[in-house]
Amino acid sequence: MKHTKRYLVGISALLVLVVGGGVALGRALNKDDDLMEDTTPKTMDVILTEIRSLMQDYSIEAYIIPSVDAHNSEYISLHDRRYQYVTNFTGSAGTAIITLSKAAFWTDSRYHLQAENEIDPAYWTLMKEGLTGVPTRDEWLLSNLSPGAQVGTDPFLIASTEYERLGAVLAQHGFRLITLERNLVDIVWNNRPPQTAEDLRPLALTYTGQRASEKVQALRVILQENSANALVVSALDEIAWLLNLRGSDIRYNPVFFAYVIVSHGNLHLFTNPDRINDTIRAHFTAEGIVVDVRDYRDILAGIEEYVKGGNRLIVSTACSQALYASIPADQRIQLYSVVAKLKAVKNAVEATGMRRAHIRDGAAVVRYLHWLEQTVDGGNVTELSGAAKLHEFRSEQDMFVDLSFTAISAFGPNGAIVHYSPNEETDLPITRDGIYLIDSGGQYLDGTTDVTRSVHLGEPTDFQRECFTRVLKGFLSLASAVFPVRASGTVFDVLARKALWDVGLDYGHGTGHGIGSFLGVHEYPPSFVSNSASPSNQGVVENMFSSNEPGYYQAGQFGVRIEDIVQVVKATVPYDFNGRGALTFYTNTLVPIQQRLIDRTLLSAAELTQLNAYHRRVMDEVGPLLLQQDDPDAYQWLIEATKEIVAS
């Protein structure tokens, strides 16, 4: 049963924030706001005009609108998509800045093409991060503010580390960053979708492998080690993992809106109290925890109680400025999330579940690729209908709950849009005349999946084959790597890019992201990125899970990406890095790599051997399940798709 609760909108509390030598008085997110009677959609001109009028009321010259919610979530609910409301951009990452006369939107290379298609240049200037000549947000602000100007933002929608960094930059030039008592977008958003509070799902020990009481005890040990009295947990995936509960407040993400405070003697859960029914109370008892349930809006009051008691509290480096500022500096300990570090290392039950989920998911994707090959000539398959068919195949698998994200079903030029999401206006037919990229995943009770395959159902060009094969070479290099314990994710990013770099090609996104166990499809750590200073680059240890996803994108023509989920496992090598310990990867994803797109002359004998061994695994593990599911045609297709590749 669904319960729509509008009071999850915000939290009411008074904050005093000191930034760059100045003091700003504000409160957190707004109190409950009744929806305005007139819910007629507003034009972009009206939205920006109303926001600018409010900016003048608050004496600010610029207003920052990030693409996160109060929990710094990457994927957010419709209720929290403020940046989409003001820009029309539907991607998952970006920052909007509005001044009294200008408006600019920054997004990374994954979304450059998508943003071009969605943002109206009459109102917004698109800033393609990473390109030469594009100013950073800092540079743009500094050049567009008058002397002594103030910049405003919502304290719940900016990480404390970013707030301090930007505040210091602005202060050096005579400007001031402040937090406002109201979110300006919320005030003008008259047809805002309500926030939902869905029923919670207890996750049994069969899937979690560890009781909540054990996880809480591990956190209490960390409190002791840091001479702290309490830990504030604000990331939604961390709360779901800690309590062995799942929700559905954000589409495709099995999380729920909540905060948690763990102390040596208490466990406080701040959420919608109505969702804590007899089933959830019985779950807490079975998990060996006693939970003090409080209203979601009381989180700052809960922190204040610990502060008044003279306690020292740990907060994450990713926590909001609102939470950070509610704790005096001499009582605050800020660390990279200790919960994220624990959660990233899967236990034996979780690791086994992930492997099993990927076998079933592999069967669904194989059935889809076979179906596509057989159906494409009818002319009725499009990006949207194809994605729907894949969803259907997944839904027939045991323990399937939902998708893990909206499928990136992209044909031809749409494949060059890294995080493309088809809609009725962009929906292209899938034909034999181009590359089709399908990036998709499922949420299963025993694991989360994320797989990308690029296929050409006709005759690829030589350039397409070369691009695909160079992506494949990087993919194979990463998958077969042997490395020391706590190796940096930067190492793997370089391995995946080398074959592309050799001929002057590259891709603009990271090479790997962590993934949850029936949790977020993007979780960190680990992180395989070029930036060694990335906070989530914590070093790789056994039983972390990551994606392996190099790619190449030719704007206006095609995109290529190959993505598997890999597990960090022990490796046996002669010298074991002088006792440090050797690790390698085990590939969980079980879907064949299309041979039609491979230029065999570019693969070494070792790479052919590695690919053939992988295909034998796919056949051995997925083939029997296809027969069990009474799909002999897909089984025969798989035999052909995994046949041994011989050197040219």
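F483 is buried, with a relative accessible area of 2% (buried means under 20%, exposed over 50%, partly exposed in between; 1.4 Å probe, protein chains only). The model is predicted: local features need pLDDT of at least 70, side-chain atom pairs count only at pLDDT 80 or more, and totals for chains, interfaces and linings use all residues. Residues are numbered from 1 along each chain as its sequence is written, and side-chain values use heavy atoms, with hydrogens and water left out.

The structure holds 16 aromatic pairs (rings of Phe, Tyr and Trp, the last by its six-membered ring, with centres within 6.5 Å; planes under 30 degrees apart are stacked, over 60 edge-to-face, the rest tilted). One of them joins F483 and F585 in a tilted arrangement, at 4.9 Å centre to centre and 40 degrees between the planes. F483 lies in strand β25 (residues 482-484) and F585 in strand β32 (residues 582-587), so this pair ties together parts that are 102 residues apart in sequence. Helices (H or I, at least four residues) and strands (E, at least two) are DSSP runs, numbered from the N terminus.

F585 is also buried, at 8% relative accessible area. The rings of F585 and F492 have centres 5.3 Å apart and planes at 70 degrees, so the pair is edge-to-face. F492 sits in helix α17 (residues 489-501) and F585 in β32, so parts 93 residues apart in sequence are tied together. F492 is buried too.

Elsewhere, Y83, F89, F105 and Y111 form one aromatic cluster. Charges also sit over rings (NZ of Lys or CZ of Arg within 6 Å of the ring centre and within 35 degrees of the ring normal). R332 lies over the face of Y324, 3.6 Å from the ring centre. The charged end of R355 sits over the ring of Y586, at 3.6 Å from its centre.

An open sheet of six strands runs in the order β7-β6-β5-β4-β8-β9, with mixed pairing (two strands pair if DSSP finds at least two bridges between them). Its edge strands, β7 (125-128) and β9 (176-179), each pair on one side only. Neighbouring strands are turned by 25 degrees against each other on average, direction ignored. Axes are lines fitted to C-alpha atoms, for helices over the stretch in contact; angles run from 0 to 180 degrees between N-to-C directions. Strand β6 (residues 103-107) pairs with β7 in the parallel sense over four bridges. T107 stands opposite K128 in β7.

Two helices lie across strands of this sheet (contact means heavy atoms within 4.5 Å). Helix α4 (residues 137-144) lies across β4, β5, β6, β7 and β8 (150-153), at about 0 degrees to β5.
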